[in-house]
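Thank you all for making time this morning.

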Amino acid sequence: LATGVVDNVQLSLPPPPVQNISGFFEASAWQVRFASRTNWLYTLERTTNFQSWDFVSAPTPGNGTNLVLLDTTALVPSASYRVRAERP
């Protein structure tokens, strides 16, 4: 049984699908802005208990630039948000 040493291994990973994310209220709607990637679908989700999540935006295709997702539903006290990124 021969043993050897492997040298100079380089691993290149693609950038994450959501980058430079920020959230804010504007005109009574929660908005999330982030750098998107093409060939990904993004959906804004909301929770009040971290056990179940509700979609509050339609799935939106990434465009390779900044994307804004809005929660236009009624405001909910103590809500938390996340962006779901998935391959179509």
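Let me begin with pLDDT, which is the predictor's confidence in each residue, on a scale from 0 to 100. What we have here is a predicted model, in which local features need pLDDT of at least 70 and side-chain atom pairs count only at pLDDT 80 or more, while totals for chains, interfaces and linings use all residues. Residues are numbered from 1 along each chain as its sequence is written, and side-chain values use heavy atoms, with hydrogens and water left out.

The mean pLDDT of the protein chain is 92, and 98% of its residues reach 70 or more. When I speak of strands, I mean DSSP runs of E with at least two residues, numbered from the N terminus; helices would be runs of H or I with at least four. Among the elements of the chain, the lowest mean pLDDT, 94, belongs to strand 1 (residues 19–26), and the highest, 98, to strand 5 (residues 60–61).

Two strands count as paired if DSSP finds at least two bridges between them, and strand 1 is joined by 6 bridges to strand 2 (residues 29–35), with the two running antiparallel.

Moving on, we come to S36, in the loop between strand 2 and strand 3 (41–47). Is this serine buried or exposed? Buried means under 20% relative accessible area, exposed means over 50%, and partly exposed is in between, using a 1.4 Å probe and protein chains only; S36 has 6% relative accessibility, so it counts as buried. Its side chain makes a polar contact of 3.0 Å with the side chain of N63, and it also reaches the backbone oxygen of T65 at 2.8 Å. A polar contact here is a pair of N or O atoms within 3.5 Å; within protein, one must be able to donate a hydrogen and the other to accept it, and residues adjacent in sequence count only if both atoms are side-chain atoms. Taking contact as heavy atoms within 4.5 Å, and not counting residues up to four places away in sequence, S36 touches P17, Y42, G62, N63, G64, T65 and L67.

Strand 3 pairs in the antiparallel sense with strand 7 (residues 80–86) over 7 bridges, and with strand 5 over 2 bridges. L41 stands opposite E86 in strand 7 and also opposite P61 in strand 5. Strands 3 and 4 form a hairpin with 6 residues between them, and F50 in the turn has a positive phi of about 60 degrees.

Now to the interior. A nonpolar core is a set of buried Ala, Val, Leu, Ile, Met, Phe, Trp, Tyr and Cys residues joined through side-chain atoms within 4.5 Å. The largest one has 10 residues in all: W30, V32, F34, W40, Y42, L44, V56, L67, L69 and V83. Strand 2, strand 3 and strand 6 (66–71) are the elements that give two or more residues to this core, and strand 2 gives the most, with 3.

Finally, the aromatic rings. Rings of Phe, Tyr and Trp (its six-membered ring) pair if their centres lie within 6.5 Å; planes under 30 degrees apart count as stacked, over 60 as edge-to-face and the rest as tilted. The count by this rule is 4 aromatic pairs. In one of them, F34 and Y42 have ring centres 5.0 Å apart and planes at 55 degrees, so the pair is tilted, and both residues are buried. F50 and W53, by comparison, have centres 6.0 Å apart and planes at 75 degrees, so this pair is edge-to-face. F50 counts as exposed because its relative accessibility is 57%, and W53, at 22%, counts as partly exposed. One aromatic cluster is formed by F25, W30 and Y81.
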